[in-house]
Amino acid sequence: MRDLAPDPLLGSSAAAWQQLRLLPLKGRAMWYLTLHRWTGDRERAIAEVLPSHLAWMRERQRAGQVLMAGPSPDRELGIIVVGHMSRDAVDDLFRDEPLVAGGFRDYDVIPWEVHHALGVGGFDVPAVTAMLAGEHS
C-alpha cells in the first residue's frame, strides 16, 4: 500500500489516497506494457521471422489488441502496449507472436491502469475516483 506522504498533485490528504488505493486486480481487464528482450539468434530472427512478426502485429492492431508498438532506439528491446484485456489473455496473445513462439524473444508484462491518454482522462481526485468506482461496480 502506498505511503501517505505528500504528493505533488494530490497533496497529503489521507482521504484522497484512500479513494485512489488500488482495489484487487484479479479478473480485471487492464492495459499492459510489455517489454520484449532477445533470447535467441537476433540476426536469424530478423532474416527468417521478421515478416511474420510484422504481419502478426498488423493483424493484432486491426483487432484492437495491440495499441502501440516499436523498438527501443538500440533495437535491444521491443515495447508493445496491449489493449483492455485480462492478464491471461496477454499470455494467450503472445503465445502465437512469431518471435516469442520461435524462441527468439521473451517478454515481461507490466499491468497498467491507464487514467490519462492524449489529454483525455481524469485530472483531479473526484474524476479519478469516479473512474475507479465505475470500473469496480
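Me: Which helices and strands each supply at least two residues of the lining of the second largest pocket?

Reply: They are helix H2 (42–48), helix H3 (50–62), strand E2 (66–71) and strand E3 (77–85); helices (H or I, at least four residues) and strands (E, at least two) are DSSP runs, numbered from the N terminus. The model is predicted: local features need pLDDT of at least 70, side-chain atom pairs count only at pLDDT 80 or more, and totals for chains, interfaces and linings use all residues. Residues are numbered from 1 along each chain as its sequence is written, and side-chain values use heavy atoms, with hydrogens and water left out.

Me: How much space lies in the second largest pocket, and which lining residues are closest to its centre?

Reply: The second largest pocket holds about 320 Å³. Its lining comprises 17 residues, with Leu 50, His 53, Pro 71, Leu 99 and Arg 105 closest to the centre. A pocket is an open set of points on a 1 Å grid over the protein atoms alone where a 1.4 Å probe fits, with protein on both sides within 12 Å along at least five of seven lines; lining residues have an atom within 4 Å of a point. The largest contribution to this lining comes from H3, with four residues.

Me: Why is Ile 79 called partly exposed?

Reply: Its relative accessible area is 29%. Buried means under 20%, exposed over 50%, and partly exposed in between (1.4 Å probe, protein chains only); Ile 79 is therefore partly exposed. This residue of strand E3 touches Leu 33, Thr 34, Leu 35, Met 68, Ala 69 and Gly 70, not counting residues up to four places away in sequence; contact means heavy atoms within 4.5 Å.

Me: How do you know that the span of H3 is close to the expected one?

Reply: H3 has 13 residues and reaches 18 Å from its first C-alpha to its last, against an expected 18 Å; the expected span is 1.5 Å times one less than the number of residues.

Me: Which residues of H3 are buried, and how do they lie around its axis?

Reply: His 53, Trp 56, Met 57 and Arg 60 are buried. They fall within an arc of 100 degrees, so they line one face of H3; the arc is that of the directions from the helix axis to the C-beta atoms. Pro 51 and Arg 62, on the other side of H3, are exposed.

Me: What puts the buried residues of H4 on the same side?

Reply: In helix H4 (87–95), Val 90, Leu 93 and Phe 94 are buried. They cover an arc of only 85 degrees and therefore lie on the same side of H4. The face turned away carries exposed Asp 88 and Arg 95.

Key. Grid points are joined across faces, edges and corners, and a volume is the space filled by probe spheres set on the points.
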